Every structure is written in C-alpha cells, then in structure tokens.
Protein chains: 2
Amino acid sequence: MNALKIAFIGSGNVAWHLAPALDGAGHSIIQIISRTKENAQKLAAKVGADSDTLITNLLPEADICIIAVSDGNLAEVVRQIPYNRCTVVHTCGSQSIEVLKGCSENYGIFYPLQTFSKNRAVNMFEVPIMIECNDPNKLDFLRKLGDSISNKVFYANSHERLQYHFSAVLVNNFVNRLFFEAETFLSENNLDFNVLKPIIVETAKKVLELSPQDAQTGPALRGDKITLEKHRQLIANNAPLLELYDFLTNRISNYSVR
Amino acid sequence: MNALKIAFIGSGNVAWHLAPALDGAGHSIIQIISRTKENAQKLAAKVGADSDTLITNLLPEADICIIAVSDGNLAEVVRQIPYNRCTVVHTCGSQSIEVLKGCSENYGIFYPLQTFSKNRAVNMFEVPIMIECNDPNKLDFLRKLGDSISNKVFYANSHERLQYHFSAVLVNNFVNRLFFEAETFLSENNLDFNVLKPIIVETAKKVLELSPQDAQTGPALRGDKITLEKHRQLIANNAPLLELYDFLTNRISNYSVR
C-alpha cells in the first residue's frame, strides 16, 4: 500500500509498539497526541512525529488516526475528536466498533492481541491483529495497513473480538496471577522463583504443539490423592492459597479434595 | 567426573530425557528396567542399554540406579530393589528421601524440575536439578552427576523440594488448565486457539525479566468494572467458567465483582 500519514492518540504500551512498527514499515507517523506531554514527546521523538496534548489539534492531513488509550478512557477521547475526513480506529479488545460512531465517515478497529511493555521488544509480525470497519468495502484499507506490520491480520466482529479479549485474560492476566502466587509462596519460604522459570517457559511452548488437553499432567489429573494431600498440608496455614489450590485442583480432577 | 554405569527403573517422560542426556555426557546407560517391555526396549535402543522388565534383575555392576517412576509407584518399586552397593536415587518432587531408606547404603534425590514429553526436546542444561543424599559427604557425587548435564544443580532438602514441586503445580498444571479453559471456550464459539499462542509465549517470557507483580495487567487489576461486566455477560450462561472468572478476578482485584 502507499505510505500513510498516521496520527496516534495515546502514548502507552500499545502506541509505543505500534507507532515504531508502522514507522518501520514506511508509513509517516505525523503526530502523537497524549495528555501526558512527556510521554507524547518521547514517543514522537522515537518516530519523528510532532507531539501535542490536545485531541482538538489532530492534524487534518492525517489519513488515519489510531486511538491507543485504555478501554476506560476511550469514550471520552472519541467525544473530543474533530470530525475529520481521516479514518479513525481504536485498538481496544473489549470495546465495540459502535463507540466510534459519528467521529468520522470511516471508522473501525485495529486490535493487536498481545501484552505490550515499553521495555520489552515484541516481534510484531507474529502479533495477531483483528480488524473491523463500519464500511465493509473499506476493510481492505485496514487489512493492508495491518499486513504492513504483521503476518496475522484477520477480520473479527466486535463480539468475536470481545471473546478473544476474554480468552486473553485467562491466558495472560490469570496465568500471571498464578506466577505471582508461586513467587509469593516461594519468597515467604526463602526459596527462589528463578528455579521455576524454565518450566514456565516450557509450559507455554508446549501448547504451541500439543493441545492443552494433551499437555495436562500432575497429581490432580492423575487423581494422586497422596500428593494432593501433601500439598494441602504444606499450605494448611495459608487459607487463601489453599482455597486457590482446591479450586483449581477440583477443576482439573472433577472430584473434591475437601 | 569419571564415566558412571547407570541403570534406570522407569521408561516414562523423565527417563526418556534423563537417560539420553546422561548418555550424551559420556556415562554408560547399562540397563533400562520397565514393566512395559516395549517402552523399556525403545529407550534402551536409544541409549545402547540392555532392557528388562524385572526390578530384581537390576545389574549389580551399576554405579547408580535412577528410579524415574510416578510418585504413586515409587514405594512399590523401592520394595523390589535388591540391596546393592550402588547408589539409588529417585526423581520425584513430592516424595521424601526417607522412602528410599534401607534399599542401599547410599541413596538420595535427583529431581529435575521440568515438564517432559517424549516428543518435545528440552535443553537439559537449563533444567534445575535438585539433589539430596542420606550421607552429606556423598552429596558431591550427585552434584557432579548433575553438573555433567545441567548448569542448575543445587541442594534442596525434601521439604524445600516439596515446596518447589507445589509451586510447579501452580505454574504448570494450573496454568495449563487455564489454557484448556480458553481453548474450550474459543472452540465452543468456533474461534481459533492459535490466535492466543503469541500472547501465551510472551506472558511466560515476560516474567523472565519482570516480577509477576510488575507484569500484572488487565481489567481486574485496573478495577475496570465495565470490562469485567462485559466479560461476565459473555459467559453468563456458562456457570463453571463464570465461577472461575469471578474467583481469579477477585483474587487479582481484591474486591468482589459479584
């Protein structure tokens, strides 16, 4: 596709990764708008864009405006966008396309399903990007934009996108919580969370090849009540951890350990 | 260390990875004993060993016998081992060293903390191996054996090892269960679990660098009740999944979504 002029609203983790990827693909990032001036400037410097703190200053020459703000702030941001010939997309997993209605003739979704941190590089070509457009005939425009930075661009309607977003909570937010529970338990016992890192990585890599059902192992699956009871004794004085252990053990084993 | 003559009891996932690693490090795997003849023969062929189905046929020339059977079968296997000059170790995370008492003058633990599958290669040098010995003066023998295949060999007593084993259940068994829940939900909705694979791998890799506390994100942590409620509506007709969602959301957010 021809190089586009792109404006960003937001300078958080998503913009921090999307803007440089699009810049690297030959597009021009012309503006970064963020209410946090310093963040806007930092990201703008990275991609050679102007920075601004006011959404009302959105440059009229932008071909597309990418809103990369948190779900909770999206509606307020949309209200402030000057009606514009440019296409407006948001990058949220859980927000319907309808939230953008009225802010432009063409609007849609550009949702990268990944966990982004400013200090971690991500291979954008591997990141699934879900697209949706108010005008199905204009979907191709978003598809080409996605294809310029990722090999995994596909259409999903707002309901499907919410279902993927929900699933991502299970495999990211909830999984990370289990890492946190393990780290807390080990550190309370003066043991080293680093010891778990190889099995953490292998557990993830395993489901790239095996189905989660085939990859499931452990005492709960085997119905190994002796080991389950040893674990329960170990955490008998930690009621919240015991509750978590019993909950997920019962989920795997389908019989009660209590 | 000098090359050792090693016998294995068990031909499951652990033996399947340990035996070739030790063979590759220059030791001689002289015997694989397994009640499943075919499995014993397969592994024996892989490492140039004899195979047998009877524990009572344990070769007397072995320097060390490595018991790599499931936790539940360990005590029964130990009962059958002929009293022998060779060192006997087991590879279980949850079983005390005491289970080996009486089977040899020297006995101990050689526990690799990793999830092994026959059809997946694992970099053994990255696998933590916990060692323990009834005679502390003989611990060095197990340390050298471990060092020949891994860079992460360390002493842990039986209680510490059980604590690590418990933690591994959290970050492997329970995490994989969340993968299963996500896959089941997506497949019930004709959506594609493959879309989640990049975020699954990145979630694991992230805690190699960030603490789980710093890596935590998502609607539960933000207290984003609107998104939480959207997710809950999405799975309102799936009571077990809703129960799981509420349980882990409350754990992260420390306030009730119900």
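## A surface pair in chain B

B:Lys101 is exposed, at a relative accessible area of 57%. Here buried means under 20% relative accessible area, exposed means over 50%, and partly exposed lies in between (1.4 Å probe, protein chains only). B:Lys101 forms a salt bridge with B:Glu98, with 3.8 Å between the closest N and O atoms. A salt bridge is a side-chain nitrogen of Lys or Arg within 4 Å of a carboxyl oxygen of Asp or Glu. B:Glu98 is partly exposed, at 45% relative accessibility.

## Basis of the model

This is a predicted model, so local features need pLDDT of at least 70 and side-chain atom pairs count only at pLDDT 80 or more, while totals for chains, interfaces and linings use all residues. Residues are numbered from 1 along each chain as its sequence is written, chains are lettered from A and ligands numbered from 1 in the order in which they are written, and side-chain values use heavy atoms, with hydrogens and water left out.

## Chain A in outline

Chain A has ten helices and eight strands. These are DSSP runs, numbered from the N terminus: helices are H or I with at least four residues, strands are E with at least two. The C-alpha atoms of chain A fill a box of roughly 70 × 40 × 30 Å along the principal axes. Of the 258 residues of chain A, 59% count as buried.

Contact means heavy atoms within 4.5 Å. Take contacts in chain A between residues at least 6 apart in sequence: 51% of them join residues at least 24 apart. A:Asn13 and A:Phe116 are 103 residues apart in sequence, yet 5.5 Å apart in space, C-alpha to C-alpha. Beyond its neighbours within four places in sequence, A:Asn13 is in contact with A:Phe116, A:Ser117 and A:Lys118. The A:Asn13 side chain reaches the backbone nitrogen of A:Lys118 at 3.5 Å. A:Asn13 is partly exposed, at 33% relative accessible area.

## Two copies, one axis

## The interface

In total, 87 residues of chain A are in contact with 88 residues of chain B. The two chains bury about 8700 Å² between them, 68% of it on carbon and sulfur atoms. A:Arg120, A:Phe166 and A:Arg251 supply 9% of the area that chain A buries against chain B, more than any other three residues. Buried area is the accessible area (1.4 Å probe) that two parts lose on being put together, summed over both.

There are 40 residue pairs in polar contact between chain A and chain B (both residues at pLDDT 80 or more). Helices H5 (158-188), H6 (197-209), H7 (212-215), H8 (219-222), H9 (225-234) and H10 (239-253) of chain A each supply at least two residues of the side that touches chain B. H5(A) gives the most, with 26 residues. By class, this side of chain A has 45 nonpolar, 23 polar and 19 charged residues. Nonpolar covers Ala, Val, Leu, Ile, Met, Phe, Trp, Tyr, Cys and Pro; charged covers Asp, Glu, Lys and Arg; the others, Gly among them, are polar. A polar contact is a pair of N or O atoms within 3.5 Å; within protein, one must be able to donate a hydrogen and the other to accept it, and residues adjacent in sequence count only if both atoms are side-chain atoms.

B:Gln163 lies in helix H5 of chain B. B:Gln163 is buried, at 5% relative accessible area. Leaving aside its neighbours within four places in sequence, B:Gln163 is in contact with A:Phe185, A:Leu186, A:Asn189, A:Leu191 and A:Leu234.

## Salt bridges across the chains

Side chains of opposite charge can pair when their charged atoms come close. The whole structure has 32 salt bridges over all chains. Eight salt bridges run between chain A and chain B. One joins A:Glu202 and B:Arg120 (2.8 Å, N to O). Another joins B:Glu209 and A:Arg120, with the closest N and O atoms 3.0 Å apart. This pair crosses from helix H6 of chain B to the loop between strand S6 (107-112) and strand S7 (129-133) of chain A. B:Glu209 is exposed, at 56% relative accessible area, whereas A:Arg120 is buried, at 9%.

A:Glu181 and B:Arg251 also meet in a salt bridge (3.4 Å, N to O). That pair crosses from helix H5 of chain A to helix H10 of chain B. A:Glu181 counts as buried at 9% relative accessibility, and B:Arg251 counts as buried at 11%. A salt-bridge network links A:Arg177, A:Glu181, A:Glu243 and B:Arg251.
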